[in-house]
Structures are given as C-alpha cells and as structure tokens.
Amino acid sequence: MIPEIGHILLILTFVTSILQVLFWSFNIKKSDDVTINVLIKSTFINFVFILFSFGILVYSFIISDFSLVIVSDNSHTLKPLIYKISGTWGNHEGSLMLWILILSFFTFLVSRKKHQISYKLLSSIIGIQTIILCLFLSFILFTSNPFERLNVLPIDGNGLNPLLQDPGLALHPPLLYFGYVGLSVSFSFAVGALITGEINKEWARQMRPWITIAWSALTIGIALGSWWAYYELGWGGWWFWDPVENASFMPWLIATALLHSVRILEVRFILINWTILLSILGFSFSLLGTFIVRSGLLTSVHAFASDPSRGLFILIILAIATGGPLILYATKTSLFKENKTQFNIISKESALLINNLFLTTAAATVLIGTLYPLFLDAFNGNKISIGPAYYNATFAPIMAPVILLMAIAPFLSWGIKKPNKIAKKLIFLSVITLLGGLGLFMIDESSLFSIICGSLAIWLLTGVIVDLTFQIKATNLRLNSFKAIFLYFSKNNLGVHIAHMGVAVFLVGVTGEQFYKTEFNIKKNVGDIINIGNKSLIFDKVETLPGPNYKSETATFTLLKDKKIIDVLKPEKRFYPIEKSQTTEAAILSDFWGDTYLVLGDGNKETGWSIRVYFNPLISWIWGGAGFMALGGLVSILQSRKSRKKLKNAI
Amino acid sequence: MNPKYRRLIIIIFITLTLGLATKLILMALEENIIYFFTPNEIKVKYENKQDIEKKIRVGGLVLENSVIKKDGTTKFNITDRSHQIEVLFDGPLPDLFREGQGIVVEGMFRNNKLIASEVLAKHDENYMPPEVADALIKNGVWQGEKNDP
C-alpha cells in the first residue's frame, strides 16, 4: 500500500505542475502579488510531494520490500544499511527520482528569493523550472515507474552491483546530480531573461551564486567518481576519458566558463548574449550527459543502469530543452543593449573572455571526441574508439593557455580606468617559474611534457601567492589579527584565489601521476620480499575471510622503508555470491608525497600470486585540488555582498 | 582604440583560436582513432597478409576452454562464433574476465596474433559491448536479452 501512495504523489505532482505551467503561461505578462504567490506555493507543494515520494522509495529499500521491481532487482536483505539506502539511486528509476527531487528542491530554493528577484523574472524562472519538472515527471511515469510491483514475490533480491557498494559511490550520484540540476537554475534565469526581456547587473548578481554552488557540487561529484575509479577498479588510474566521465566533464567546463562570463556581465555589463548562450548550453550539456549515461548508446566501461529504449525519451527532452531556448535566443537577443564603453585589450574582462573562448573550445574537443565514434558508426558503419591519446593532443594544448592566463587575470583590473601595474608581478612570476622549470629539468630532462605541465603548475601557484602578497604589501592595513586578515582577504576575491590554487594543486598531482609513476607486475609467493628502491614489501600471508555479503581472499604485506616498518597493506579479492561477481580491492597507502598501490591478482599456494605494484607520486593532490576548487566556490558565495556587509557591521 | 579596429582584432583572434583547435582535432582524430574489428573481419581482411600498422580493438567472447595462464602472461582466443583470434596479454585482467564473457581487446595485430595492451570488460556481468552484440547478431548467435540494440 505504501508504495502506491508514493506513486499517487508522483501523479499528483505531475498534475499540479502541469496546472502550474498553464497558470504561468496565461499570466506570463502579469507580475502582481497574487500570481507570484500562487506560483511560489505550488512550487512548495511540488517539492513536498516529491520529497515524500522519494522518502517512500528509500523506505521501501530500507525495509527490503521485494514486491517492488527495482528493490528486488537492486537490493538484498544482507546488504549493509547504507548501501540499501544508496541502492535507491544506484539504478535507472531511482536515479531519476533523485534527479527530480533535487530539481524541485532547487526550484523551491529559488522561489524563496521573492524579495531579491523581480516578480516578472521570478515567475518565468519558476515556470521554466516547472516545465523541466513536467518533462522528467512524464519520463518517470510513462517509462520508468519506480513503484512498479512484481506479481510473484521473490524470497530475496538480486543485490546491488558490488562495485557500487562503496561509500564514495554512494555520495557520487547525489553530488553530481546536484551539479547537473543546479545548472537548470542559471538556464531558467537565461530563458527568463529572454522571455521578459529584462536583464541587468542585478540579474547577473542574483544568478552567480546558483552557478557557483552547482559548479562546486559538480567539481566534488566528478572528483569523487574519479577517486572511486582509482581505488575501486584497481587499474591504478584516475581518469580514462571514458564517455561517461566526459559526460560530466563537459558541463563542468561550460559552467566554469559561465562562472567567469557572468562575473564580467555583473561588473561591466557586457557579453550579455554570450552569458545567456552559455547558461543554456550548460544545462543542455547536463541533459546530454544524462542521455549518454542512461542510454547506453556509447560504449563505456562505466555506464550503469543503462537502457537504450529510454534514451529516445531523454533525447526528446534534450531537444525540447535545448531547441526551444535556442530559437528564443536567436529571435530575442538583438533586444539586449550592452554597455557601450571602451573595451581594453589589457584588462581583466579581456583575460576572462579569452579564457572563456578556450574553455568552450576545450569543451568542444571533448564533445567531438565523445560523439565522433557515434557519428562515424551511423555514417559508414565503421566502429572506432577514441582514447586518451586524442585528448592529450587536443584538450591539453588548448587548456595550457587557460592556465597561463589564469595566473595573470587576477593581477589585472576591470575596464580601463586604472592603469595596470602588472610588470613587477609578471617579472617575479616568470623568474620563479623559470627556476622551477629548471629544477624539473634537473630531475628528469627526458620528458618535455612533464616540464611544461609542472611549470604551469608552478606558474599558477606562484601567481596566486604573488597576487596575495603584493596586495597585502600594497595596503597600509595592519594584518595582526586573524579577523583582520580574513576580512581583508574576503574583500579581495579570496574564493577566486582558493579555487585557482586548487587548479594549481590539481596540476601538481597530474604532473606527478602522469610523468613520474612506476608500475609493474610480479609473481610472488608467501614469504617472498619485493624490493623497490629503499622500500621493501614482505609477503606475509593469504587468508580467506568472510564479509557481510561476500567472501574475501586477503593478502597481507608489510611495507618497510629503510628497514623500518611503515605499514601493513592488505589487498583483497572479494567474491559476492549473490551477485555472482568478483571485485578487486586494492590496498592503498596514501600520504602527502604519493600512494603505494597494491593489487592482488590470480594465484594459489603452489604457483604464487600475481601482484601489481604502483607508485603514484602526488596523486592525492589531484583530489585535494578539486577540494580546494569547490571550497573556493563556496567561499566566494559566502563572500557575496550581503555577508560582506554583515561582517562590516560586526566590527 | 578605435572600436572597429578592436572588433577586428577580436574576430581575428577568435578565428585563429578556432582554426587552431580544428587543426588539432583533425590531426588528433587522424592519428588516434582506434578501429574496431570482429575476429571475422580480421580473418577476411588481414589473415596471412600484413600486420596492421595501427592499434586496433577486437571485440568478442572469450572462447571456452581457451584461457591459459603462464608466468603472468594470459593466452586466450576471442571469438564471434564464426572465427577466432589468438590473444596474448601480460597485464592485469579485469575482474569480470572469464570464459564466455563479452570483452574488448586493444592491441597490435602481429603474425596473426593480437598482442594486447589492454583488455576491457564492463563492470556489469550482464553487459555485452554493443559492438560485440552487433557482431554476434550478424552471425546469428545472439542469445542475450539485455542491452538489445
């Protein structure tokens, strides 16, 4: 009975949201209190209904209600509680439920900004958000009902793919969706501006935090996915340029560009059309990403819960959600009048604009690499695949100038009013980078790319530090208390600096992992010792251990450095009898300077086991960098005007 | 600066960037595309003729009772149920590698053998790479129900 309530709630939401869209389209020109309040209240109702419906689905997973198709297909009584819950979104229907839950949550949050956003714009934003909600609700109700019942009650469920039974992957989809769906808000802002014809600096100011929060969530979501692939798949790598990874990376690139262009719009009131276009594209790429992952159209080793027949439906949603606004865009953009002031070539806005250009071009190269195999197949039936080599040859060189400019842009000032005193900083920056590059050359002169990549990281890191220190020196402010320092920095793009530092830290990690890693395979038996440099691994034992819902073959290695015991590593092979599959659990010793990564292969007592050892220098910097980027995003939201005022009052 | 002049610079810059990007993409596509073959296609096109210069991918099923592991090297045959190709691989096999499983092998074709640099199997035990499914359908031996194209 309870699941039926969930289903009825979904149908009710579908009905109310259609009524809401109709109401909005009839009152599109009105902006009175009554209209806006009706829209705000119905948005709240939609959110509550979906929240309850989602809650019921989670509850069905927790109590293992196997009369539901998705529960019996994706869960099992023996599964730990956290994976019963995360199993809710570990499948097609449940992940769509999560999608609409987050969508209605965002709509609800925006609808509360009645006092900041003009009524006309706000009602359009709610209208557009609700249209998207309608599309996805019809998708769920007509093709992917999560509350479908089984006629015959099974004794137990089929279990969840063991690879998904992992804390990193329990959190990865919600964060990723938070990012994807968060981009719908800026999309609605843009379409709202096209409908109402209303655009100003305040529009950009209101929109920016939404992009930032979506961008931060997307950053963490992607990083979690990559981290999971690293420790769970046992391949030692962290990014494979797989279509599913690209699907999340393209919206990230567009969102990054948008984040910067909306800032230009906010300060200088130029690039209106470009910002609107990016807002539309950002969400389109999110939908495209969903389509790629859900349709199973592209060969990917990562795609879960895919179903080609439903892909068509998402393609239709994609066509409506992209096509409609783009037509509107083509007809309406000539209405917007930009600020006709001088545009200086050496200014912050031109640096950001150039970066925008490169970022979108980079997104285009990823798009081509992802979709080209599909087109070629449709065109002449040739089946091809495009691997990392393509991206190294296209994406990397396009991103290099972005990193170069990223360090310089914060030095520059907006517009042409102030003279730019950047020569001193630039000289300082170049000298440090040259010295760093020379250092890298001394370590390893054979690889030009490692020197370039490492130098870029040094360039950016130094750029951030130089900018901060010069700013401190330039002021007469005495920074003797923590509060004063914080206040000072929060006035000066602290968020930007943290995020940029994140990129630099990330690049350091990439350089270490890409160019200085070692890996090898070796066959060893219990009692053997593996020597690598000043470290050695002693193969102690292999034992069979029971787990909650698996059996494990666990090996024990003692890691010694300079004959002192550092740690004990326990790589495992797990066999999940319910799902009838096997997973490899790598043993990873992670520290600041790098990871020791151990994988247990096939083997037995007679022949010994095949063992893979990786040393991945600086690899945790990759995820640390992503963490800094997201943190920078959050800080810049906190730094927004309002909180700055509050801080001023606090003193 | 004169606005007209300025606009010209911007347009030239954008054209140059996009042109450069296009050039990079085309070059990279030409060099880095990996073609996919079925064992059947390889037999027809390349057997006893010449080695294929570029890396290729071959998809099919791991032939039953063909897997031999020795000194860290795995030897097995990959089949589309009409022809088969011998594969040599000395790296780590994916967890889902087993006889009868649909896989994709990437590597160089030398002396009628595929020297694999990578063996890919998906995380999902019911999964069949679409290329493999296509090949199996062509040969009329498709039995799966999931992932029907």
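## Domain layout

Domain bounds come from an automatic or database domain assignment. The model is predicted. Chain A is divided into four parts: domain 1 (1-165), domain 2 (177-336 + 348-403), domain 3 (421-516 + 621-650) and domain 4 (518-618).

Between domain 1 of chain A and domain 4 of chain A, the C-alpha centres are 43 Å apart. Eight residues from domain 1 of chain A and nine residues from domain 4 of chain A make up the contact. On the side of domain 1 of chain A that touches domain 4 of chain A, four residues are nonpolar, three are polar and one is charged.

## The α8(A) and α9(A) pair

Two packed helices are described by the angle between their axes and the distance between the axes. For α8(A) and helix α9 (residues 243-268) of chain A, the angle is about 155° and the axes are 9 Å apart. Angles over 145 degrees count as roughly antiparallel, so α8(A) and α9(A) are roughly antiparallel to each other.

The crossing of α8(A) and α9(A) is left-handed. The contact of α8(A) with α9(A) comprises 15 nonpolar, six polar and five charged residues.

## A:Arg208

A:Arg208 belongs to helix α8 (residues 201-233) of chain A. A:Arg208 counts as buried because 21 other C-beta atoms lie within 10 Å, where the cut-off is 20 or more.

Beyond its neighbours within four places in sequence, A:Arg208 is in contact with A:Val262, A:Arg263 and A:Glu266. A:His260 is 52 residues from A:Arg208 along the chain, and their C-alpha atoms are separated by 9.3 Å.

Terms used. Residues numbered from 1 in each chain as written. Chains lettered and ligands numbered in written order. Predicted model: local features only at pLDDT ≥ 70, side-chain atom pairs only at ≥ 80, totals over all residues. Contact = placed C-beta atoms within 7 Å. Nonpolar A, V, L, I, M, F, W, Y, C, P; charged D, E, K, R; others polar. Helix = DSSP H or I, 4+ residues; strand = E, 2+ residues; numbered from the N terminus. Buried ≥ 20, exposed ≤ 12 C-beta atoms within 10 Å, placed from the backbone. Axes fitted to C-alpha atoms, helices over the stretch in contact; angles between N-to-C directions. Parallel < 35°, antiparallel > 145°, perpendicular 65-115°, else oblique. Left-handed = near helix turned anticlockwise from the far one by under 90°.
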